[in-house]
Amino acid sequence: MNNVGITGIAYALPARELATAELQRKVAVASGLMLPPGMFEQATGITRRRVAADDEYASDLAVDAATKVLADTGTDPLDVDLLLFASATRDMAEPATAHVVQAALGSRAHALDVTNACNSFLNGIDLARSMILAGRARRALVVTGETPTRAMRPRIDGMAQARTASCTR
């Protein structure tokens, strides 16, 4: 039986931080609502979050992390034969964000997106393992980049929506 394992990990985060209290203030102002203090933080348990800049995309975060892990493991991008971008968010509908990452890294790997909401990255790891065990790939790179704040509602229509929105984010 072939052994498959993770040989390196790296991460990249957007530089900008946003306090949950500030996010709640912005939503309250945009919506014209008086929201109870600490409502978003109490509902989510999140005090601060990273927010991608307007010109920063999921692929930028993925390329940054991929560059780090390739350097840390001494792996040439040309030695990667499977590149999976596994994320709930992506740069655009087409082309696949994996191809954007592939081009930025200078790789020639078979590249595809794996999208399955919160399970995307775990599914990407599982798919990479399966492809290696099936002999379809020798070395895989699974990357992600999440920019969910782009899909966030800047305003809400009422308190019922506020309670629902803060509990599902």
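Is Ala-117 buried, partly exposed or exposed? Ala-117 counts as partly exposed, because its relative accessibility is 48%, where buried means under 20% relative accessible area, exposed over 50%, and partly exposed in between (1.4 Å probe, protein chains only). What you're looking at is a predicted model, so local features need pLDDT of at least 70 and side-chain atom pairs count only at pLDDT 80 or more, while totals for chains, interfaces and linings use all residues. Residues are numbered from 1 along each chain as its sequence is written, and side-chain values use heavy atoms, with hydrogens and water left out.

- Ala-117 sits in the loop between strand S4 (110-114) and H5; helices (H or I, at least four residues) and strands (E, at least two) are DSSP runs, numbered from the N terminus.
- The peptide bond running from Glu-94 to Pro-95 is cis, with omega near -5°.
- You'll find Pro-95 in the loop between strand S3 (82-86) and helix H4 (97-105).
- As background, most residues other than glycine have a negative phi, and most peptide bonds are trans.

**Pockets**

- The largest pocket holds about 1300 Å³ of space.
- Here is how a pocket is found: on a 1 Å grid over the protein atoms alone, it is an open set of points with protein on both sides within 12 Å along at least five of seven lines, and lining residues have an atom within 4 Å of a point.
- Grid points are joined across faces, edges and corners, and a volume is the space filled by probe spheres set on the points.
- There are 47 residues lining the largest pocket, and Ala-10, Phe-121, Val-142, Val-143 and Thr-144 lie nearest its centre.
- Strand S2 (48-51), helix H3 (58-73), helix H5 (120-133) and strand S5 (140-143) are the elements that give two or more residues to that lining.
- H3 makes the largest contribution to the lining of the largest pocket, with seven residues.
- Sorted by class, the lining of the largest pocket has 29 nonpolar, 11 polar and seven charged residues; Ala, Val, Leu, Ile, Met, Phe, Trp, Tyr, Cys and Pro count as nonpolar, Asp, Glu, Lys and Arg as charged, and the others, Gly among them, as polar.
- The second largest pocket has about 160 Å³ of space.
- Among the residues lining the second largest pocket are Arg-16, Leu-18, Lys-26, Val-51, Thr-149 and Pro-154.
- S1 and helix H1 (20-31) each supply at least two residues of the second pocket's lining, and the largest share, four residues, comes from H1.
- In the second largest pocket, the lining splits into seven nonpolar, one polar and three charged residues.

**Salt bridges**

- The structure has four salt bridges, each being a side-chain nitrogen of Lys or Arg within 4 Å of a carboxyl oxygen of Asp or Glu.
- Arg-48 pairs with Glu-17, and their closest N and O atoms are 2.6 Å apart.
- That pair ties together distant parts of the chain, with Arg-48 in strand S2 and Glu-17 in strand S1, 31 residues apart.
- Glu-17 also meets Arg-50 in a salt bridge (3.3 Å, N to O), and this pair links S1 to S2 across 33 residues.
- Put together, Glu-17, Arg-48 and Arg-50 form a network of salt bridges.
- Asp-64 and Lys-68 are four residues apart, about one turn of the helix.
- Asp-64 is partly exposed with a relative accessible area of 35%, and Lys-68 is partly exposed at 35% too.

**On the surface**

- Ile-6, Ile-9, Phe-121, Leu-122 and Ile-125 make a nonpolar surface patch of about 530 Å².
- Patch members have over 30% relative accessible area and no salt bridge; like charges are joined within 9 Å, and nonpolar side chains (Val, Leu, Ile, Met, Phe, Trp, Tyr) within 5 Å.
- Accessible areas come from the Shrake-Rupley method with a 1.4 Å probe, and for residues only the protein chains shown count as cover.
- Ile-6, in the segment before strand S1 (16-19), counts as exposed because its relative accessibility is 65%.

Terms used. On a 1 Å grid over the protein atoms alone, a cavity is a set of points where a 1.4 Å probe fits but cannot get out, and a pocket is an open set with protein on both sides within 12 Å along at least five of seven lines; lining residues have an atom within 4 Å of a point.
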